[in-house]
Every structure is written in structure tokens, then in C-alpha cells.
Amino acid sequence: MAKEASLYIGVDEKIKEEAEELYASFGITISEAVKMFLYKSLMVGGIPFDLIQPRYNEETEAAMQEVKDMMEGKIPSEHMTVDEFIKEMEK
């Protein structure tokens, strides 16, 4: 039998608890899930899922780009009060 090595992985406590509950629903421990991840990584020769940036709908992406452009001075920003902003959003 091969020698076992231990890993210490720091993770947010809430994430750990939620993951433990999830894996328990499959009848496995979080330790077994991590082992499965490592074995699968070796099988595929890398991380066993796509690493992608989250994508948003076109309207959100356009708004985010507009803010970036304002911050970089590419387009003028219009300063408005909260009341003016609310009225603008109601249109």
C-alpha cells in the first residue's frame, strides 16, 4: 500500500460546511471529494473543468464598460444626485 500524505487547505468556514453537506448528500466526505478531484486532474492532465470568467448579459457588460470608460476619462461622467439618478432609472 502506498504511503499517504496529508494536505492542509485553508478555506472559508461557510464554504467548507456547505461543501461537506453537498458531498454528504452523495455519500462521500470532503476528503474523498478532494481525492477525486486530484485523481481526475491526473487523468485529464490538468484542472478537470473549464476556467472561465463569469459572463453577464449584454446590458450589464455595456454598463460595466461605460463605468470603465468614465474612470479612464474616455467619456465624460455626469455627476448627479441620488434623486436625479432615481428619476433617470425610472425612464
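**A tour of the predicted model**

Begin by selecting E72 and K74, which form a salt bridge (a side-chain nitrogen of Lys or Arg within 4 Å of a carboxyl oxygen of Asp or Glu) whose closest N and O atoms are 2.9 Å apart. Both E72 and K74 are exposed, where exposed means over 50% relative accessible area, buried under 20% and partly exposed in between, with a 1.4 Å probe and protein chains only.

Residues are numbered from 1 along each chain as its sequence is written, and side-chain values use heavy atoms, with hydrogens and water left out.

Next, select K14 and E18 in helix 1 (residues 13–25), which lie 4 residues apart, about one turn of the helix; helices are DSSP runs of H or I with at least four residues, numbered from the N terminus. Their side chains meet in a salt bridge at 2.8 Å, N to O.

Move on to E61 and R55, whose side chains meet in a salt bridge at 3.3 Å, N to O. R55 is exposed because its relative accessible area is 66%, whereas E61, at 26%, is partly exposed.

Finally, go to S41 in helix 2 (residues 30–44), which counts as buried because its relative accessibility is 14%. Leaving aside neighbours within four places in sequence, S41 is in contact (heavy atoms within 4.5 Å) with G46, I47 and P48.

Conventions. Predicted model: local features only at pLDDT ≥ 70, side-chain atom pairs only at ≥ 80, totals over all residues. Helix = DSSP H or I, 4+ residues; strand = E, 2+ residues; numbered from the N terminus.
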